[in-house]
Amino acid sequence: MTFSKYNLNVLSESLFTELTTDQAQMLEGGKRIDILTVRCIKAGADSDGTDELFFTINGQNFRLGNPISIRTGGVANAGAGTTFSGNTANVGLFEKDGNSAIGANFIGGFIDSVNGTRTRRVSGAGSVYEVTYKVTN
Ligand SMILES: [Ca+2]
């Protein structure tokens, strides 16, 4: 649903009647994104051939303390997800270099807000991944 002046007018009238799911969601300001799996097309961000992956979603770190170790051809459950209250979820995939996020290799990222399950290919820092995720209300 587009957040337009027209929709706001419709919304204010409907507040006293009945909200649709989309309208209620808009008022709550929350959706959820769950990153489901990562498939490693090429692990090249690290010279030892194993990438240690973590994610950021709207600036918050996920799996930083227990990164996903993965090699070319591997598939892993991502185990990362959160609600987001803005318009979009901004997801980043990083390869951890050392013991902190400082100096991590940024592999790639994407932005999404539309409900559904999708797979995006991200590549950078010598690595290529397919990230499958789900956006829900
Ligand atoms: Ca490594």
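Mentor: Two strands pair if DSSP finds at least two bridges between them. Helices (H or I, at least four residues) and strands (E, at least two) are themselves DSSP runs, numbered from the N terminus. In this structure, S1 and S9 run antiparallel and are joined by nine bridges. Within that pairing, Cys 40 stands opposite Tyr 129 in S9.

Trainee: Before we continue, what kind of model is this, and how are its residues numbered?

Mentor: Residues are numbered from 1 along each chain as its sequence is written. The model is predicted, and local features need pLDDT of at least 70, side-chain atom pairs count only at pLDDT 80 or more, and totals for chains, interfaces and linings use all residues.

Trainee: What average pLDDT does the protein have?

Mentor: The term pLDDT denotes the predictor's confidence in each residue, from 0 to 100. Here the average is 86, and 79% of the residues score at least 70. Residues 1–9 have a pLDDT below 50, and this stretch has four contacts in the model beyond near neighbours in sequence; a contact requires that the C-beta atoms of two residues, placed from the backbone, lie within 7 Å. Where pLDDT is low, the predicted coordinates should not be read in detail.

Trainee: How many helices and strands does the protein have?

Mentor: There are two helices and nine strands, and from the N terminus on the order is α-α-β-β-β-β-β-β-β-β-β. Of the contacts with a separation of 6 or more, 54% are between residues 24 or more positions apart.

Trainee: In what order do the strands of the open sheet lie?

Mentor: The open sheet of four strands has the order S5-S1-S9-S8, with antiparallel pairing. S5 and S8 (116–124) are the edge strands, each pairing on one side only. S1 and S5 share eight bridges in the antiparallel sense; Arg 32 stands opposite Thr 83 in S5, and Val 38 has Ala 76 as its bridge partner.

Trainee: Which strands pair with S6?

Mentor: S2 pairs with S6 in the antiparallel sense over five bridges, with Ile 57 opposite Val 91. Seven bridges join S6 to S7 (residues 105–112), again antiparallel, and Gly 92 stands opposite Gly 109 there.

Trainee: Why is S6 described as largely enclosed by the rest of the structure?

Mentor: A residue is buried if 20 or more other C-beta atoms lie within 10 Å of its own, exposed if 12 or fewer, and partly exposed in between. Five of the seven residues of S6 are buried, so this strand is largely enclosed by the rest of the structure. In the protein as a whole, buried residues make up 24% of the 137 residues.

Trainee: Which residues touch the most other members of the largest nonpolar core?

Mentor: Such a core is a set of buried Ala, Val, Leu, Ile, Met, Phe, Trp, Tyr and Cys residues joined through C-beta atoms within 7 Å. The largest has 25 residues, of which Ile 35, Val 38, Leu 53, Phe 55, Ile 57 and Leu 93 touch the most other members. S1 (31–42), S2 (51–57) and S6 (89–95) are among the strands that each supply at least two residues. Not counting residues up to four places away in sequence, the residues that Val 38 touches include Leu 53, Ile 68 and Val 131.

Trainee: Is Gly 65 buried or exposed?

Mentor: Gly 65 is exposed, with 9 other C-beta atoms within 10 Å. Gly 65 is found in the loop between S3 (60–62) and S4.
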